[in-house]
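Biologist: Before we discuss any wording, please put the model up, and then let me ask what stands behind each term.

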Amino acid sequence: MGIRSRRRSSHAEIPAALSLSAVVTLGAILLPATPAAAAPHPWAPAPVNSCGETGFDPVNRQADPSGSTSQPPLTIKVPIPVPQIVTVSQYAPTPDANRVDVALPEDPCASPCPDVRDTEAPTPAPPGGGSASLPQIEVAPDPEPIPIVVPGGEPPEPQPAPTPAVQPSVPAPAAAAVAAPQVDSVELVNQVTGRGSVNRTDTRWSVDGTDLGLMWESKPGQVAVVFGDTFGKGWKPGGAGTDTQDWRSNVIAYSSTRDLSQGLVLDDFVQNTRCHATEILDSRKVKNYETTTIPTSGFAVGDRQYLTYMSVNRWSKIPGMWWTNLGGIAWSDDHGRTWTKSQWARWDNLFGVGRFQVATMVPHGDFVYMFGTPNGRLGTIGLARVPADQVLNKSAYQYWVKDAWVPADGANEMLATPLITGTASELSVHFDAESNRWRMVYLDTVRGQIVLRTAADPQGTWTEPVALINTEDYPTAYGGFIHPWSTAQDLYFTISAWNSYNVYLMHAKLK
């Protein structure tokens, strides 16, 4: 989540100030607060993979009783805003479309590109329970870019406008409530990304720090896994990195592992150079214009892959808030290797109140259902649907308003009836065919939990939330993205941990 790009020399003077050590309030922006009464779990040594590499532990634990390890003191920088004019070309640079394939060596502990990535150990991640040391205080200038758009760049090729396909209103009352899910146990299965993970993503694909890990079945026997802001060589634990640490706004991997009890194993990433996962959705990387582009869900209809994403204008120092430019849809016809953003399937964030800025889309039957929240972590959930063959046609969408599917006319998007009471963030929705139930997992910042709800229909009635993860146990956890191969009894989902800034697979056993 840096704020400039090394590739754009006109922004070189803007310092990157979004690592945890640089802006102490960022943890409040991204994460629920850890309850003051949280009881740490007993101390345990950091996990080690089969190659002898030390990984990260997202659990809130007591300090090492031997005193041999300690967290470096947190640096609190008191920012002093400094206005700064930044010119931005009218059109974005053409995204890098170069793609390469690199076979992994037979030895799982060997680096496929030793000339590209060494095996130097990074600084250990801060303990999950936080630091016992007093923080250091610094006063530092905080440049606040003022973007000025100037002529430049090549305009993208125009995409034909979809033919209007307004759908009529259809009654759609909420279904009767179903029994609430019962969670028997939740356990950490494996560290998916970063050094010390079974996937060794740092040396294989230059993915040292990343988050999210949203998933969908891209084809029979294969799951696509998409990550958010990603950092490579030079990144250190303690939150997101900077633009000098090989920053990519998003990357995509694939997995074919069916036995999830053994962990989420990644087969490959889409790469633009040897052992380097490429950015699949470009972003301008200019704060107050387009800081980054974050994927929010993915799905497939036939051979075409789709990604929903949010264009983030800027992060905020206000807890739980950020501002988006728009929520949009991109597609890929080459199995996710290259992507195109739709010029028509986009929901602009007019006056900052757009209802479908952070969207999760799920195909089911003849429709694709879109669950959306406003920018930030404090919005309600709205619902829409579109015929599966009209995903990129906004006129074909219907919004669920007062027990009916209503056409995409006028203000109907803004009038979408909230599906649940309360707020939701990092929403993940999945239909489980085995139980014939819809499942919804999201971060509830008020409860300090990642929770699960179920329903018979997309519009509900949704059950009351049941806790999967508590911030007492995972104090910097966020996300909660369902693995599409979960079953009625076994719910697998990914979480991210801010202090180690990597992704983990969790397993909830349901009664």
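Predicted model: local features only at pLDDT ≥ 70, side-chain atom pairs only at ≥ 80, totals over all residues.

Modeller: Residues are numbered from 1 along each chain as its sequence is written, and side-chain values use heavy atoms, with hydrogens and water left out.

Biologist: What makes a polar contact between the side chains of Asn-502 and Thr-193?

Modeller: The definition asks for a pair of N or O atoms within 3.5 Å; within protein, one must be able to donate a hydrogen and the other to accept it, and residues adjacent in sequence count only if both atoms are side-chain atoms. The two side chains make such a contact at 2.6 Å, and a polar atom of the Asn-502 side chain also lies 3.1 Å from the backbone oxygen of Ser-500. Leaving aside residues up to four places away in sequence, Asn-502 touches several others, including Phe-56 and Trp-235, where contact means heavy atoms within 4.5 Å.

Biologist: Why do Phe-56 and Trp-235 count as a pair, and of which kind?

Modeller: Rings of Phe, Tyr and Trp (its six-membered ring) pair if their centres lie within 6.5 Å, and planes under 30 degrees apart count as stacked, over 60 as edge-to-face and the rest as tilted. A search of the whole structure finds 16 aromatic pairs. In the one you name, the centres are 6.4 Å apart and the planes stand at 75°, so Phe-56 and Trp-235 are edge-to-face. This pair links distant parts of the chain, 179 residues apart, with Phe-56 in the loop between α1 (26-30) and β1 (75-89) and Trp-235 in the loop between β6 (222-227) and β7 (251-255). Phe-56 counts as buried at 6% relative accessibility, and Trp-235 counts as buried at 4%.

Biologist: What kind of pair do Phe-367 and Tyr-369 form?

Modeller: Theirs is a tilted pair, with 6.3 Å from centre to centre and 50° between the planes. Both belong to one aromatic cluster, whose members include Trp-405 and Trp-438.

Biologist: How do you know that the charged end of Arg-385 sits over the ring of Phe-367?

Modeller: The rule requires NZ of Lys or CZ of Arg within 6 Å of the ring centre and within 35 degrees of the ring normal. The charged end of Arg-385 sits over the Phe-367 ring, 3.9 Å from its centre, and that of Lys-285 sits over the ring of Trp-247 at 5.3 Å.

Biologist: What makes β11 and β12 paired strands?

Modeller: Two strands pair if DSSP finds at least two bridges between them, and 9 bridges join β11 to β12, which run antiparallel. They form a hairpin with 2 residues between them, and Gly-302 in the turn has a positive phi of about 65°.

Biologist: Why is β11 described as largely enclosed?

Modeller: Because 9 of its 10 residues are buried, β11 is largely enclosed by the rest of the structure. Asp-303, in the loop between β11 (292-301) and β12 (304-315), has 73% relative accessibility and therefore counts as exposed.

Definitions and conventions. Helix = DSSP H or I, 4+ residues; strand = E, 2+ residues; numbered from the N terminus. Buried < 20%, exposed > 50% of the residue type's maximum accessible area, 1.4 Å probe, protein only.
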